[in-house]
Every structure is written in structure tokens, then in C-alpha cells.
Amino acid sequence: MRKVISFTLNGYNVSAEVESHKMLLEVLREHFELTGPKEGCGQGECGACTVLVDGYNVDSCIYPAFEVDGKSVVTVEGLLREGNKLHPIQQSFVENGGVQCGFCTPGMIMSAAALLNENKDPSEEEIKRAISGNLCRCTGYVQIVESIKKAAEMI
Amino acid sequence: MKRFDYYQPESLKEAYQLMEKFKGEALYVAGGTDVIVRIKQRAIEPEALISLRGLKELRGIKDNGGLTLGAGTLFRDIERYPLIAKEYPALHQAASMLANLQIRNVATVGGNLCNAAPSADSAPPLIVLGAMVVLEGPGGKRKMSLEDFFTGPGQTAKEPQEIMREIHIPEKDANTATVFLKIGRVSQDIAIANAAALVTMENKVCKRCRLAVGAVAPVPLRLKGIEEKIEGEEITDDLLQEVEKMVCDAVSPITDVRATKEYRRTVSGVLVKRAIAQAVASLEG
Amino acid sequence: MNQLRFVGSNLPRPDAPDKAAGRALYIHDLKRPSMLYGKIKYSEYAHAKIKHIDTSKADKLPGVRAVITGYNTPEIRIGFIRDNFALKRGKVRQFRDEVAAVAATDPEIAEEAIDLIKVEYEELPGVFTPEDALKEDAPLIHEEDPRGRPRKDNIVPVPWKFVSGDVEEAKKKAAYIAQGHFETPLIQQSCMGTAGCIAEFDLQNNLTIYTKTQIPFLAQNDFNRALAAMGLKGKNTRVIVPTLGGSFGTGLDTHAYEYIAILLAYKTGRPVKIVLTREEEFTALSPRQPTKTDIIQGCDKDGKLLFREIRMLLDNGAYTSWGATTPSVMMLPISSMYRVPNVYYETTIVYTNNTFCQAMRGYGNPQATWAIESNLDDLAEEAGIDPFEFRMINRNVPNDITPMGLHISTCGHKECLEAAAEKLSWKEKRGKGRKVARGVGMASLFHVGGSGRVYRSDGTGVIMKLDDFGNVSVIMGGVEMGQGLNTALTLASAEALGVTPDKVTVVWGDTATCPWDVGTHASRGAFTACNAAIMAAEKARKKVFELAAEHFMPRVKKQLEKRKKKDPDFEIPDLDYERVRDPSEFDMKENIIFLKEEPDNPFLKVALEEILRAAHFKQEGTMIVTEAFYDPCNEMIDPRTCKGNLSATYIFGTQGVEVEVDLETGRVKVLHVVAAHDVGRVLSQQAIKGQIYGGVIQGLGYALCEEYKTDKGRNLNPNFLDYKIFSAPDVDFPIDIECIETIDQEGPFGAKGVGEPGLVPTAPAVANAIFDAIGVRIRSLPITPEKILAALKEKAKG
């Protein structure tokens with residue numbers, strides 16, 4: 001079955017007709033041609049697909065597209081500022097070695113965004129818990145945690 | 001992945017009607033963190049999913065002497081509820097250790113219980129807290145204790161058309177502490193074993209004790225025999241050693257890809273022992 | 001030594017902003033017009049005859065454009081001994097065997113079509129351990145060798161044997177001996193971005209393939225061979241590499257799925273994309289080579305190592321790939337880590353119906369070091385010598401030639417050992433924590449640092465192209481997979497040329513436009529590319545200064561005249577504008593050309609871009625493009641003796657770990673990790689830290705929780721739910737990094753490779769710390785709580 005879902009995507013009102021078995025990740029990547037959220041496992045384990053739905057960081061690969069109707073979705077693309085400027089969190093990842101292969105980076109940044117929206121001065125432990133659902137194979141997490149800590153100071 | 005229809009009923013009545021229509025080919029889904037994953041793994045192939053997400057009557061935490069949790073309450077909300085952290089720490093601990101943050105942002109306590117994995121993290125704390133679950137279907141409501149709700153791995157006493165409505169936790173006695181412990185292969189994991197303990201202390205003697213373990217039997221298991229052994233006694237190191245041995249005898253774990261049954265047996269005893277000790281210590285401190 | 005401006009700095013990665021913005025394009029993000037989606041059908045048995053494949057239903061499914069099997073496509077042999085096939089015919093030898101494939105307009109239709117293909121099998125008895133495969137009556141995995149000659153056993157004809165000195169004699173003289181059997185499991189690279197490719201043919205039947213690879217040029221060679229097998233001999237392949245979501249060795253060979261995409265693209269005449277799901281990444285790619293090792297080491301009464309004897313049994317899986325060549329790298333620590341005069345090493349490699357293995361970060365070194373460094377602690381214990389002291393007695397030294405013929409030049413082994421011991425508080429902690437089940441342990445590593453010559457050419461080419469604006473394109477044949485090669489190359493190029501890093505753009509990943517490179521592996525990327533860049537930069541500087549000789553003073557004059565026009569009061573200085581200058585008088589730093597004689601004269605400075613434009617925009621103008629091909633001074637090892645100077649330089653390191661063991665649950669808690677590495681010179685601070693932190697965490701995963709589990713050849717945990725890698729909360733201990741700079745003569749600005757060493761010694765360091773904490777020696781990885789409890793129980797009994 002199909003349905004037209006209407007929601008805000010990165011600040012814009014959008015709509016799409018989607019099939020009932022589609023997950024949000026596929027709709028974002030195929031219909032809206034976004035490349036930020038990625039499929040790393042398809043089963044809600046790795047967090048590469050993390051986006052914000054109504055401010056909460058969720059795995060879009062297991063989030064039914066029908067459920068996003070009426071909600072607000074933010075992907076890493078939505079953090080970019082006018083004039084192609086990086087958001088402070090993105091900037092901090094760049095400056096502090098938080099990016100290596102980059103595949104986990106968009107999801108990691110969205111989890112960081114969710115954290116910093118709620119907690120302006122997180123401890124290292126709180127940061128690690130906030131990204132507990134974002135796997136990274138390259139960095140060993142150390143410089144990612146530092147990036148998020150420094151981002152908190154910047155914001 | 002096989003295609004499925006997805007319905008979003010706006011009332012419980014509508015949900016029951018949809019379930020009746022699909023006669024066994026549909027599943028209720030809340031957060032989807034179990035159901036959607038199993039569909040993607042091709043473990044199940046339902047024709048339709050009936051989402052309970054939109055049903056407001058399933059949400060909400062009510063503090064009414066005891067605690068009433070709507071079955072649709074998100075783990076994230078349980079984790080953040082100050083009263084739960086203060087009065088029902090075992091439940092708070094379980095909610096904060098379950099899976100990871102993204103999962104907790106959509107997963108519901110009702111979903112966790114109805115999925116009925118023997119390792120369900122919310123089960124041991126709710127069992128020791130004496131939780132009653134309210135099931136509702138087209139025929140009306142019924143209540144049962146949570147321990148009786150689980151009937152086998154992935155199996156419950158719930159009829160296919162029924163949903164879980166809410167979970168009642170009775171009022172807590174004074175001088176009562178609860179602790180939840182879990183062990184996995186790494187910090188984020190399905191429990192290899194988990195345990196919860198509730199102790200009510202009076203003059204150094206344990207007046208009341210409730211114990212439950214998960215992932216070491218076909219269902220989350222209440223340890224009645226061991227509770228009886230502890231009630232009325234002082235919690236000494238010797239008693240705890242005995243309790244540890246009794247737990248190992250009481251459980252019936254299996255070997256799977258995550259752990260051997262020998263390890264689960266050993267570690268379940270350690271967890272129960274530690275949970276009791278920590279609960280007692282938290283009252284003294 | 002001149003002060004370096006960019007090399008060694010903390011400049012951010014040039015590729016980081018796009019990645020942080022979600023704009024970098026991985027294979028998953030690429031689309032080509034009229035592209036089809038391919039999917040593969042895998043075997044349902046570990047060992048079986050293929051009786052019949054019925055594709056009739058799949059053929060008819062709307063949206064399906066091609067269905068292929070080994071029976072309706074030309075045979076394409078793959079693997080370096082050619083015992084594998086893109087699509088299987090006759091029989092299947094492992095669960096991941098590819099038996100059919102489909103191309104359809106939609107990935108869901110492709111999946112449906114795969115389900116509609118029915119394959120009839122006749123199951124054959126399977127063999128799942130190398131010991132069983134060696135038995136007399138064991139079923140043959142391959143009845144014939146690649147040349148069609150009948151085989152009589154399951155032994156893979158890739159023998160490795162190394163002998164130096166006389167081990168038997170040395171055994172007689174040894175005062176202390178330690179023996180042990182050590183095992184390492186299958187583990188998976190677990191890149192966050194899975195493998196995939198898009199294959200497409202042009203109207204001349206030349207192939208372009210976008211693919212996740214570390215070896216674009218060797219892949220081009222492999223694919224050209226495949227084209228020849230398809231009747232397209234003489235046609236060419238263009239390999240284009242997109243942004244890689246990690247690689248860790250998965251891209252070091254060409255894979256069946258790539259050949260299948262090529263076959264589908266040829267059959268349909270349309271681009272075909274195949275991307276592996278996470279489950280396929282686990283089950284259908286090749287994990288790290290598992291090992292079973294018997295080791296004996298012995299020393300004299302003063303603790304000097306006398307001999308090392310190692311026999312290894314390797315489960316080759318069903319087909320032969322790089323797993324069977326890991327002994328060539330294991331040879332390094334086995335023959336040359338610490339100074340050991342007598343060494344014997346022999347391997348037996350056996351076919352089974354398990355999955356076959358390829359390359360993974362470290363390429364055999366972690367497996368060998370696991371045995372050597374664990375056993376070394378056992379030997380130190382026998383000899384009654386502190387393990388740190390024992391290592392200091394036997395440590396490698398600079399300017400030494402090892403029994404394998406490796407020419408060690410720079411060697412920071414001593415400094416690494418001392419740094420690890422100090423940062424770990426070794427003297428205060430070793431042997432003192434038993435009461436609280438705490439302990440410290442260390443282990444060293446020895447690896448190639450100046451590439452490793454395993455192919456006929458070990459070269460890397462770089463082209464430098466300067467444009468009219470003073471921008472420099474540094475075009476290289478290597479790949480950036482997150483390790484920071486682009487960063488290192490940007491900094492080294494800027495430094496060597498005399499421009500600022502923001503003027504440098506690294507161009508990579510296209511065999512049609514980039515110069516040849518053997519591949520980004522063996523930690524060689526930065527070492528070779530930066531060396532080539534330095535050579536090309538030298539040539540470019542030479543040309544720049546030749547142009548400056550002609551154009552510098554005229555530009556200076558023009559600048560001054562311009563200024564006079566603006567500011568009539570300005571006095572034009574009296575310089576010798578007519579003197580023709582010699583190129584050797586010039587220097588260039590941060591985009592500005594100046595005279596060596598007068599570096600601070602504000603009037604005698606001209607921007608590089610001005611000189612370039614002056615030289616270009618005139619009659620018989622000229623532009624600067626230079627190239628260099630750097631092939632290190634290393635050699636291939638002699639296949640009979642396994643001796644030869646494999647690398648241009650070698651790297652050393654020592655890691656130390658402090659642990660606490662929970663005696664009731666067996667859980668090992670890591671309290672502190674110290675990683676001291678001889679890196680030659682730090683090229684990029686961010687990149688080197690990333691490599692070492694990342695390596696340490698992978699090393700800890702290898703040590704404590706990673707295991708690719710199988711049951712009769714079938715993978716039991718093909719997902720992150722049950723294949724556990726560390727997540728952020730698991731890293732709840734400090735990691736101290738110490739980079740020892742030995743400034744190597746061969747290395748670019750003295751730098752040596754650093755991609756792999758981070759995870760080589762971690763596991764034995766953990767095992768050695770556990771021994772200190774609770775007095776038990778665990779000999780198989782991963783060190784699970786089960787094994788700890790079982791070992792404690794054993795210890796309590798005996």
C-alpha cells in the first residue's frame with residue numbers, strides 16, 4: 001500500500017508518496033537524494049543512518065517511513081549553514097581529527113547534535129553514552145569524543 | 001525483504017478490527033526495534049504491521065502511590081524520569097542499559113515485554129517490583145502478574161488480538177532498595193545474563209526479598225525458593241555465597257552464539273549475589 | 001635541519017569537510033544513468049555438487065534484465081593461483097560460493113529474482129578443520145589443480161619455510177625453554193562502509209568500473225584478464241575509486257562480486273551496481289587468516305635469545321587468496337623481531353570447506369606476534385627475568401642485518417620499550433597487583449615501514465601539475481581510505497614544493513589519469529607517495545627557478561611601477577633590473593619566490609602564480625607539469641629461502657596495557673594503554689593519532705571480543721548484534737601515545753609507515769598483563785571471560 005507522507009526535512013516542508021514497507025533511510029536517500037545518512041548494517045546496530053526525528057536521534061534504517069508523517073526530520077545536510085559554512089559540530093570534527101574514512105561521521109554528528117541540544121556541557125562519559133549507538137572502526141573514538149567536547153565549548 | 005502493509009489505527013477499536021481482519025498474518029508493532037529487525041533478517045514475514053505508536057492512551061507515566069507505565073512509554077522517557085531513578089532504581093538502570101540511545105528513543109517497555117526474549121532487560125526489575133500487566137482486547141481488560149505473562153522464549157499469555165495496555169507497579173515499602181545488573185560481551189550488548197534484586201530491610205534483617213534473572217531460562221525467571229531462604233535473615237557473606245550456589249542450580253541456561261550455558265550459570269549466580277549486596281549497601285549508605 | 005612548516009603540523013584533513021557535511025560520495029551514493037542493480041545467489045551447502053540450476057522463473061520476473069550462472073557465462077578464474085571462479089560450476093566448496101546472479105531495474109526485484117532461482121544440489125561430506133582435511137580419507141576440496149592435473153590431497157601448494165642457523169644445536173645449549181600452542185580465530189575487517197562496485201561498458205567494449213579497492217592498477221590488470229576470458233582481449237579497464245568507507249585490507253584483492261558485475265554489465269549493455277549488505281560483508285567477503293601455532297623459544301642463562309622454532313597450520317578455506325601468503329609477512333617478526341640467531345619456521349596450508357581469507361590490517365603480523373610475544377613472556381618467566389628487562393636484552397638495534405636479510409637502519413625499539421615501561425609505571429606495578437587481580441604487560445612489534453616488495457614493481461608515481469593561479473594538483477595512484485594519505489601527501493607536497501597546503505589538491509583514484517601505483521597496503525601509502533612527491537617537487541622547483549631566472553626581475557619592475565602609479569611619492573629603488581639571474585639564486589616558500597641572498601627584501605618577492613602566468617601567456621609559452629616514479633630500494637624475498645630485504649626501512653613499537661580481572665565473572669577491564677611507536681617522523685598529527693588510536697581499539701577487539709563464529713562452514717554471527725566491536729563507552733580508559741621520531745634516511749622527511757602497527761602487539765600485551773594480574777596464560781584469541789574462568793579453575797586444581 002502507498003501513502004503520501006508530509007513532514008519537514010531540514011527545515012523545509014516536503015512530501016512524498018511512499019510504499020508501506022519502506023524505511024525512512026531509503027526514502028531520504030532515494031526519493032530526496034540525500035547522501036548523508038548511510039546504510040551501514042540495515043538492522044539498527046551501527047548508527048550510520050542516524051537522523052533526528054523531532055529532535056531525537058534514531059536509526060532511520062528501521063524507522064518506518066509512514067511514521068514520519070507530521071514530524072520533523074533533520075539530517076547532517078540540515079546542519080550546514082548558509083554560505084556553505086559548516087555547523088560548529090561539523091567544524092569541530094574537522095579541526096580535531098574526528099573524521100577518518102567518514103562513513104560513520106554523519107550519524108555520529110547527528111547523535112552529537114541531539115546531545116548538545118539537550119546538554120550544553122556534557123562530560124566525557126555523557127558524550128560516550130550519547131554516541132553509544134554509533135560504531136566507528138577507524139578512529140578508536142578518542143578524537144571523536146574530543147571533537148564533541150570542543151564543539152560544546154564552541155556553541 | 002517481503003513487502004508488508006502498514007496501518008496506523010487511531011483507536012484501540014480500530015487496531016483490534018485490523019488484527020481480526022488479518023487473522024494471524026499481521027503483527028502489532030510499537031517502536032519496531034524488534035519486529036522490523038526480524039523482518040529484515042527474514043526471520044518473520046507478516047502481511048501487515050499494525051502500529052500502536054499513534055495511540056495516546058498507551059503512553060504516559062502516572063505516579064499514583066505506586067507507578068503506572070503506559071505500555072507505549074519509551075525507554076528514553078523511563079530513563080529520564082526523576083521519580084523512577086529515585087524510587088525504582090532497578091528500572092532506571094535497566095532502561096539506561098538497554099541496547100543504545102537510538103533504540104531507546106523509539107523502543108517501548110510494552111514492546112520489550114511482549115517480544116518476550118528471555119534476556120529482556122526490563123523484565124527482571126519489573127518482576128521484582130511486583131509488576132502487574134494489563135492486557136486489553138476486543139473482549140475487555142484483564143490483569144496478570146508479569147511473571148505469569150511469560151510462557152516461553154518469545155511467547156506470552158497474550159492473545160493475538162490483545163495489546164498490552166499498561167504496567168502497574170505497587171507502592172513501594174519503606175526501606176526498600178532495588179538493583180539491576182547486566183553482563184554482556186561488551187558494554188552494549190544483549191544480556192548474557194541479567195538480574196534484579198529487591199530488598200526491604202528492617203533492623204539488619206531482610207524482611208522482604210524479590211529476585212529475578214534473565215537470559216538463563218526459557219523465560220525471565222523469578223527465584224521464589226531463594227527469596228524464601230533470604231527473608232527473615234541477616235544478609236551475611238555466607239548467606240550470599242549460598243544464594244550464589246542456589247541460583248546456579250535454579251537456572252536452566254542454553255549455549256548459543258553469545259555464551260555457553262556453563263558461563264551463564266556461573267555468572268547468573270554472581271549477578272544475583274552482587275545485586276542483593278548492592279541493594280543492601282545502598283540502604284546503609 | 002630546517003624548520004618544517006607543514007609536515008608535523010596539526011592541519012586538518014582536506015577531505016574532512018565534505019565528509020562532515022555528508023557530501024563525500026561513497027560507492028553507495030553513486031548512480032549511473034540507466035543503472036541496474038545486481039544481486040548474488042550464494043550456495044546453500046558447504047560442499048556439494050551442483051546438479052541443476054533453474055532460472056526460468058527468475059528470467060520471467062518483470063524488471064529482470066539478466067540472469068547468469070557459471071553455465072551461461074565464460075569461465076573467469078580468479079585468485080593468484082587461479083583456483084577460484086567468478087561463478088561456480090560443477091560444485092560448491094563453501095557457503096559463500098556464488099552460483100548465480102541477477103541484474104534488475106530495482107534492488108527489491110533483484111532480491112525477489114534471486115529467491116526464484118532454484119538450485120538442485122547433491123550434498124558432499126564437508127571438511128571443516130585443517131587437521132581433518134589432512135587425514136588420509138578426507139574428501140578432496142579440489143579434485144584438480146588449476147591446470148587440470150588431478151590432486152591427491154588438500155595441501156595448498158604454497159609452501160613457506162625459513163631456516164637460519166641451527167635450531168636443534170641451539171636447543172641443546174639453551175638454559176631455559178618455553179613452549180606453547182597458540183591460536184587465533186577468524187575476525188572480520190568490519191569497515192563501516194561495505195564493499196560494492198558499478199561496472200559499465202562503453203560502445204567499444206572498454207570497461208569502466210567504480211569499485212571499493214586499494215589496488216586500482218592491479219585490479220585493472222585482473223579485470224583486463226577477465227575481459228580476455230570474455231573474448232574481449234585487448235580491451236582496457238578503467239578503475240575509478242570513490243570515497244572509501246574504510247578498507248583494512250578488504251580492498252587488497254579483486255572479488256567475485258566485481259567480476260559478476262562486469263559479466264552482468266556486459267550482458268545487459270547497462271551499468272550494473274552491486275553493493276554488499278552487512279550480512280554479505282560478513283559471509284561473502286574474506287576475513288583475517290586464522291592460525292594454529294606451535295612455538296618454542298629458548299635463551300641462555302643471561303636471557304639472550306638463542307632460538308625460535310615455529311610451526312603453523314593454516315586453514316586456507318576453499319580457495320587460495322592472500323591468506324596463504326600471510327606467512328611472507330609473518331616471516332618478519334618470526335625471523336627478525338628481537339635478535340635471534342637460530343630460527344626455524346614452517347607452515348602447512350590446507351584447503352577446507354570454510355570461508356577463505358584475504359588481507360586484513362597487519363597481514364599475518366598480529367597472528368605471529370600473538371604467539372611470539374606471549375611465549376616470550378613465558379620464557380622470561382622461566383628464566384626469572386622481568387619481561388621488560390628480557391626485551392631490552394634482546395631488543396633490535398639500529399644498523400643491523402637480520403637473519404632474514406632485512407637491513408634495519410633506524411630503529412627506535414629501545415626508546416619504545418622505555419617509553420612504554422615508563423608511561424605504564426612498569427617498575428611500580430609489575431608483579432605487585434596480584435592481590436587485587438591487576439597487572440601490566442607489554443609486547444613489541446616489528447613490521448615493514450618502507451613498503452614491502454611483493455610484486456614485480458613496488459613503485460608509486462606522482463604527477464605535479466601547476467596551474468595559472470599557483471594551485472598544484474598532486475596526482476597519485478594510491479587510495480585514501482580514511483588513513484590520511486591525502487593529508488600526509490598534501491603536507492609533504494606543500495613542504496617540498498614551497499607552497500601552502502591550501503594550494504594543494506590531491507587527485508587520486510582513476511587508472512586512466514593517475515600514475516601507476518602497486519597499491520595502498522603494507523603501510524606504504526604515505527612513504528612512497530610522499531617520496532615520489534618530493535622528487536616531483538624538486539623537478540618542479542627547478543623549472544620554477546628556471547622561469548624565475550627569466551621573469552622574476554621584470555615582474556619586480558612591473559610591481560614597482562604599478563606602485564609608483566598609485567603612490568607618486570614612492571621612490572622606485574635602484575635595483576639591477578637588467579641582470580639576468582641564475583636559477584640557483586632563487587628560493588620559494590609559502591607561494592612566494594625570493595632571492596636566497598636577500599630573503600627579507602620586501603621588493604624582491606614575487607608570487608609563484610605571477611611567474612607561472614608570465615611564462616604561460618606569451619609566445620612559445622610554457623607550463624609546469626612534472627612527474628616522478630619512486631620505487632623503493634627493497635627486494636622480493638627469494639621464494640626458496642624466504643630471505644631478502646623486503647622493505648626500505650622497518651618500524652618498531654611497544655604497547656603496554658594495564659588490566660584488572662573480575663575473578664568471579666572473568667571480565668577483563670582495561671585500565672590503561674600505552675602505545676609507543678617508532679614512526680620515523682610525524683607527517684600529520686591528526687592522521688597519526690587517528691591511526692594509532694584506531695589500531696589500538698582494533699587490537700583490543702582482537703584481544704577480547706571479536707570472533708567470526710562458524711559451525712560446519714556456516715557463519716553464525718554475520719551482524720553487529722553478535723560480532724562485537726568496541727563502541728565508544730567501551731573506551732573507558734586513557735590511551736597514551738608516544739611517537740618516537742628516528743628520522744629515517746629513506747623516508748619522506750624521515751617518516752616511516754604507520755598504517756598497520758597500531759594493532760599488531762595489542763593482544764599479546766593484554767595477555768601478558770592478564771598473566772601478571774592472575775597468573776594464567778591464555779593462548780587463544782579472543783580472551784573471553786569463559787576462558788579466564790576456565791583457566792582460573794584449572795589453576796586452582798593444580
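User: How many salt bridges are there between chain B and chain A?
Analyst: The count is 3 salt bridges between chain B and chain A, a salt bridge being a side-chain nitrogen of Lys or Arg within 4 Å of a carboxyl oxygen of Asp or Glu. In one salt bridge, the side chains of B:Arg3 and A:Glu19 meet at 3.6 Å, N to O. Please note that this is a predicted model, in which local features need pLDDT of at least 70 and side-chain atom pairs count only at pLDDT 80 or more, while totals for chains, interfaces and linings use all residues. Residues are numbered from 1 along each chain as its sequence is written, chains are lettered from A and ligands numbered from 1 in the order in which they are written, and side-chain values use heavy atoms, with hydrogens and water left out.

User: What area is buried between chain B and chain A?
Analyst: About 2,400 Å² is buried, with 49% given by carbon and sulfur atoms; buried area is the accessible area (1.4 Å probe) that two parts lose on being put together, summed over both. On the chain B side, B:Tyr6, B:Lys40 and B:Gln102 lose the most area to chain A, together 26% of what that side buries.

User: Turning to chain C, which domains is it divided into?
Analyst: Chain C has domain 1 (31–124 + 195–275), domain 2 (291–454 + 636–797) and domain 3 (459–504 + 517–630), with bounds from an automatic or database domain assignment.

User: What area do domain 1 and domain 2 of chain C bury between them?
Analyst: They bury about 1,800 Å², 53% of it on carbon and sulfur atoms. C:Phe80, C:Phe95 and C:Phe248 supply 32% of the area that domain 1 buries against domain 2, more than any other three residues. The count of salt bridges between these two domains is 0.

User: Now the cavities: how much space lies in the largest cavity?
Analyst: About 160 Å³ lies in the largest cavity. On a 1 Å grid over the protein atoms alone, a cavity is a set of points where a 1.4 Å probe fits but cannot get out, and lining residues have an atom within 4 Å of a point. Grid points are joined across faces, edges and corners, and a volume is the space filled by probe spheres set on the points. Of the 21 lining residues, C:Arg96, C:Glu98, C:His255, C:Ala256 and C:Phe356 are the closest to its centre.

User: Where does the largest cavity lie?
Analyst: Domain 1 and domain 2 of chain C both give residues to its lining, so the largest cavity lies between them.

Methods. On a 1 Å grid over the protein atoms alone, a cavity is a set of points where a 1.4 Å probe fits but cannot get out, and a pocket is an open set with protein on both sides within 12 Å along at least five of seven lines; lining residues have an atom within 4 Å of a point.
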